[in-house]
Amino acid sequence: MIAIVDYGLGNIRAFANIYKRLGIPYVLASDVESLKQATHIILPGVGSFDYAMQKLNESGLRETLDDLVLNQNLPVLGICVGMQIMASSSEEGSSRGLGWLDTEVVRFSTSGAEFPLPHMGWNSLELIKSCPLFENIEPQPSFYFLHSYHFKADFPYSVASANYSNEIACIVQKENVYGIQCHPEKSHHNGVTLLKNFYEATNA
């Protein structure tokens with residue numbers, strides 16, 4: 001059962017519609033009991049780092065999420081800001097992140113006419129390491145992005161990078177913790193395949 005964490009942020013209906021079409025069971029988890037049904041967790045997010053952490057902390061789900069991810073080792077996929085809050089901190093704000101990944105989120109170092117912020121639109125990925133998310137996905141797939149902050153390219157658990165003014169870590173994996181900076185729910189076939197792989201090719 002995919003638990004799509006409903007803490008007031010992220011286009012959760014888009015993920016629900018994809019899993020419905022794929023015939024994969026899911027639940028929109030806005031309470032602890034719903035979340036405890038999970039075998040896999042989607043942590044979506046849009047907006048700012050601090051606001052996302054505020055909403056998650058206010059949701060009453062934080063303690064259960066930590067237990068499921070850190071103690072029970074359920075696969076979790078953070079998407080966009082949902083990936084960023086898995087870090088320890090961000091240059092975007094002052095709140096502490098979940099700390100599941102020992103890194104900091106940073107702002108793009110350059111911008112301008114050639115590389116305006118936010119980074120918005122399609123960008124190809126460079127696959128660095130093998131990862132269950134990439135089953136049946138082409139070697140340099142294109143995904144849709146919308147962000148101004150990112151993990152550093154030298155993050156040791158990066159499995160795919162993208163280049164927009166500078167290289168960024170856009171898909172990461174540390175054991176059962178997965179993160180994707182781009183938006184699979186807006187990335188057509190590649191995004192649907194990645195979301196399917198998250199359920200079918202990862203195990204607790």
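**A working chat on helices, loops and open space**

User: Which residue just after H1 takes a positive phi?

Analyst: Gly23 does, with a phi of about 75°. Please note that the model is predicted.

User: And H1, which of its residues are buried?

Analyst: Helix H1 covers residues 12–22, and its buried residues are Ile12, Ala14, Phe15, Ala16, Ile18 and Tyr19.

User: Now H4. Which residues are buried there?

Analyst: In H4 the buried residues are Thr64, Leu65, Asp66, Leu68 and Val69. They pack against S1, S3 and S4, against helices H2 and H3 (49–58), and against strand S13 (177–180).

User: How many salt bridges does the structure hold?

Analyst: The structure holds 1 salt bridge. Asp66 forms it with Arg62, and the closest N and O atoms are 3.3 Å apart.

User: How far apart are Asp66 and Arg62 along the helix?

Analyst: Asp66 and Arg62 are 4 residues apart in helix H4 (residues 62–71), so about one helical turn separates them.

User: Is Arg62 buried, partly exposed or exposed?

Analyst: Arg62 is partly exposed, its relative accessible area being 22%.

User: What about Glu63, buried or exposed?

Analyst: Glu63, which is also placed in helix H4, is exposed, with a relative accessible area of 68%.

User: How far is Glu63 from Ile4 in space?

Analyst: The C-alpha to C-alpha separation of Glu63 and Ile4 is 16 Å, while in sequence they are 59 residues apart.

User: What happens just after H4?

Analyst: Asn73 takes a positive phi of about 60° there, although Asn73 is not a glycine. Asn73 lies in the loop between H4 and S4.

User: Why point that out?

Analyst: Because most residues other than glycine have a negative phi. Asn73 counts as partly exposed, at 37% relative accessibility.

User: What is the phi of Ser165?

Analyst: Ser165 has a positive phi of about 75° and is not a glycine. The residue sits in the loop between strand S11 (158–164) and S12. At 24% relative accessibility, Ser165 counts as partly exposed.

User: And Asn166, buried or exposed?

Analyst: Asn166 belongs to strand S12 (residues 166–174) and is buried, with a relative accessible area of 19%. The cut-off for buried is under 20%, so this value falls within it.

User: Which residues does Asn166 touch?

Analyst: Neighbours within four places in sequence aside, Asn166 is in contact with Phe108, Ser109, Thr110 and His150. With Ser109, the side chains are joined by a polar contact of 3.4 Å.

User: Ser34, then: where is it, and is it buried or exposed?

Analyst: Ser34 is found in helix H2 (residues 32–35). Ser34 is buried, with a relative accessible area of 12%. Not counting residues up to four places away in sequence, Ser34 touches Val27, Leu28 and Ala29.

User: Which peptide bond at Pro118 is cis?

Analyst: The bond from Leu117 to Pro118 is cis, with omega near 5°. Pro118 is placed in the loop between strand S6 (104–107) and strand S7 (119–124).

User: Changing topic, what is the volume of the largest pocket?

Analyst: The volume of the largest pocket is about 160 Å³. The lining has 14 residues, and the closest to the pocket centre are Gly47, Cys80, Val81, Leu146 and His147. Helix H5 (81–84) and strand S9 (142–147) are the elements that give two or more residues to this lining.

User: How does that lining divide by class?

Analyst: The pocket lining has 5 nonpolar, 6 polar and 3 charged residues.

User: How many cavities are there of 30 Å³ or more?

Analyst: The count comes to 1 cavity, and about 30 Å³ of space lies in the largest cavity.

User: Which residues line the largest cavity?

Analyst: The lining consists of Gly10, Asn11, Phe15, Pro44, Gly45, Val46, Ile79, His183 and Glu185. By class these are 4 nonpolar, 4 polar and 1 charged. Phe15 is also one of the buried residues of helix H1.

Conventions: Residues numbered from 1 in each chain as written. Predicted model: local features only at pLDDT ≥ 70, side-chain atom pairs only at ≥ 80, totals over all residues. Heavy atoms only, no water. 1 Å grid on protein atoms, 1.4 Å probe; cavity = no way out; pocket = protein on both sides within 12 Å on 5 of 7 lines; lining within 4 Å. Points joined across faces, edges and corners; volume = space filled by probe spheres on them. Nonpolar A, V, L, I, M, F, W, Y, C, P; charged D, E, K, R; others polar. Buried < 20%, exposed > 50% of the residue type's maximum accessible area, 1.4 Å probe, protein only. Contact = heavy atoms within 4.5 Å. Salt bridge = Lys/Arg side-chain N within 4 Å of Asp/Glu carboxyl O. Polar contact = N/O pair within 3.5 Å; in protein donor to acceptor, adjacent residues only side chain to side chain.
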